[in-house]
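Thanks for asking me to look this over. Please have the chains open beside you as you read.

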Amino acid sequence: MLTRLANPTRFLRLADRLLPWLGAATVLAFIAGLVWGLGFAPADYQQGDTVRIMFVHVPAAWLAMFGYSFMAVASFVGLVWKHPLADVAAKAAAPLGAGFCLVALVTGSLWGQPMWGTWWVWDARLTSMLVLFFLYVGYIALWSAIDEPERASKAAAILALVGAVNVPIVKFSVDWWSTLHQPSSVMRLDGPTIDPSILWPLLVNAIAFQLYFVTVLLWRMKAELIGRRVRALTLGLAAREA
Amino acid sequence: MSAFLALLRRDLRLAFAQGGSVGLVIGFFVIAATLFPLASGPERAELARVAPAVIWIGALLATLLSLDRLFQADLEDGGLDLLLLGGAPASVVVLAKCLAHWLSTGLPLVLVSPLLGLLLGLEPVGILMLVKTLLLGTPTLSLIGAVGAGLTVGVRRAGILIAVLILPLYVPVLIFGAGAVDLATLGLDTGPSLALLGAVLLVSLPVGTLGAAAALRLAVL
């Protein structure tokens, strides 16, 4: 399957066939999830309606972490098996993951203001999400700093893998740090277990976010492949004229 | 082994020779730490509280400043190609260069740090712990930094790019390093922090050398 897709033309054809369906599914899932979550799910007895931020915040945070894992796996596949689409996939996933990271941070901040009375708390989860965002930024910066796609893809893959080794260490150290300095005012979801009336719309939203990720990923991969083809053609044209 | 020692000796001689960067890095470290009281006010209790953070961040930035020359000079004069074409594996080359980098930036920073601790009003226990944590932590900074230096070698504006790539990865070292000094001044147990600093060093040893070696092969070949 993966080897068959190594042919960009075949991949583009498949992507063209899949994209309309995925796009439609994404829109439907978003409508279902957001209407259910924002309109019909019960408000929290303590937090009131602000708890609805969760339906955007939590899936975004999940996808931000999923995006980095996806990038690391794609980088590994690209480095080891030299799969021609792997680095395209990793590159396409980076801005998406960074975007989800930002959404999670901003919605978290908006949620924190009424709940904790402040826009930002140096809590372990918030801080590790912020560091993850910085890792995404570094990855994207490295891609844009190197001109040749060949070298850029491998350099970015090395960075993604080194980052992936470090992510658990960073996460653990931030947890340790926060328990040292900040014993109070920590948000916990595991206190009261989530009620099914909230859990189901949350899961539907998570599926919607995941579908969005896959759809836009395919879209961006398509654009990247076409862009590379244009680049190759332009270079060939320039070489013939010279 | 002989290639390792020869490269180490060469790099150290270059670093400590006239025009080397050792003095500059120490100068930056001291000046950066001196600027801090000027900005925050000279109250001793306040300064002593933030001293571990100031000194650790100063050491981090000083290391960062010296990193963009780690492989760049060798790339410019063609030495890097020869080093990688020579018999020694690329990871050994990286290890020798990292060791030389640490001996010429990390170790001087460690040696100057007690003075800065004194200036910022850190207690003797804190100063001792500061030296210990820097001794354990600065090699990690060199090793992880080598990956960034290798990935950006030959790239425009490499210095600022290294900072963006590497600083997030320095988070654990900073937390455990500065945290241990805090704990020591409060009279608490610092054993776990030191053990974790050592663990981070051990992890970054293979990750740093192999990662930087892969990056260098990419840049040259």
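Here are my notes, point by point.

1. A reminder to begin with: this is a predicted model.

2. Let's start with the core. The largest nonpolar core holds 129 residues. Among those with the most contacts inside it are A:Ala90, A:Cys101, A:Leu142 and A:Leu159 from chain A, along with B:Ala215 and B:Leu216 from chain B. Helix α3 (residues 86-116) of chain A gives the most to this core, namely 13 residues.

3. A:Leu142 deserves a click. Setting aside neighbours within four places in sequence, A:Leu142 is in contact with A:Ala155, A:Ala156 and A:Leu159, and also with B:Leu151, B:Leu161 and B:Leu165.

4. Next, the contact between the chains. Chain A puts in 25 residues and chain B puts in 21 residues. On the side of chain B that touches chain A, two or more residues come from each of α7 (124-151), α8 (158-166), α9 (171-185) and α10 (191-220). The largest share of that side, 7 residues, belongs to α10(B). By type, that side of chain B divides into 18 nonpolar, 2 polar and 1 charged.

5. Finally, a helix pair within chain B. The axes of α7(B) and α9(B) are 8 Å apart, and the helices pack at an angle of about 170 degrees. Angles over 145 degrees count as roughly antiparallel, and α7(B) and α9(B) are therefore roughly antiparallel to each other. Residues of α7(B) including B:Met129, B:Leu130 and B:Gly137 meet residues of α9(B) including B:Gly177, B:Ala180 and B:Val181. The residues of this contact divide into 9 nonpolar, 6 polar and no charged.

Conventions: Residues are numbered from 1 along each chain as its sequence is written. Chains are lettered from A and ligands numbered from 1 in the order in which they are written. This is a predicted model: local features need pLDDT of at least 70, side-chain atom pairs count only at pLDDT 80 or more; totals for chains, interfaces and linings use all residues. A nonpolar core is a set of buried Ala, Val, Leu, Ile, Met, Phe, Trp, Tyr and Cys residues joined through C-beta atoms within 7 Å. A residue is buried if 20 or more other C-beta atoms lie within 10 Å of its own, exposed if 12 or fewer, and partly exposed in between; C-beta atoms are placed from the backbone. Helices (H or I, at least four residues) and strands (E, at least two) are DSSP runs, numbered from the N terminus. Two residues are in contact if their C-beta atoms, placed from the backbone, lie within 7 Å. Ala, Val, Leu, Ile, Met, Phe, Trp, Tyr, Cys and Pro count as nonpolar, Asp, Glu, Lys and Arg as charged, and the others, Gly among them, as polar. Axes are lines fitted to C-alpha atoms, for helices over the stretch in contact, and angles run from 0 to 180 degrees between N-to-C directions. Angles under 35 degrees count as roughly parallel, over 145 as roughly antiparallel, 65 to 115 as roughly perpendicular and the rest as oblique.
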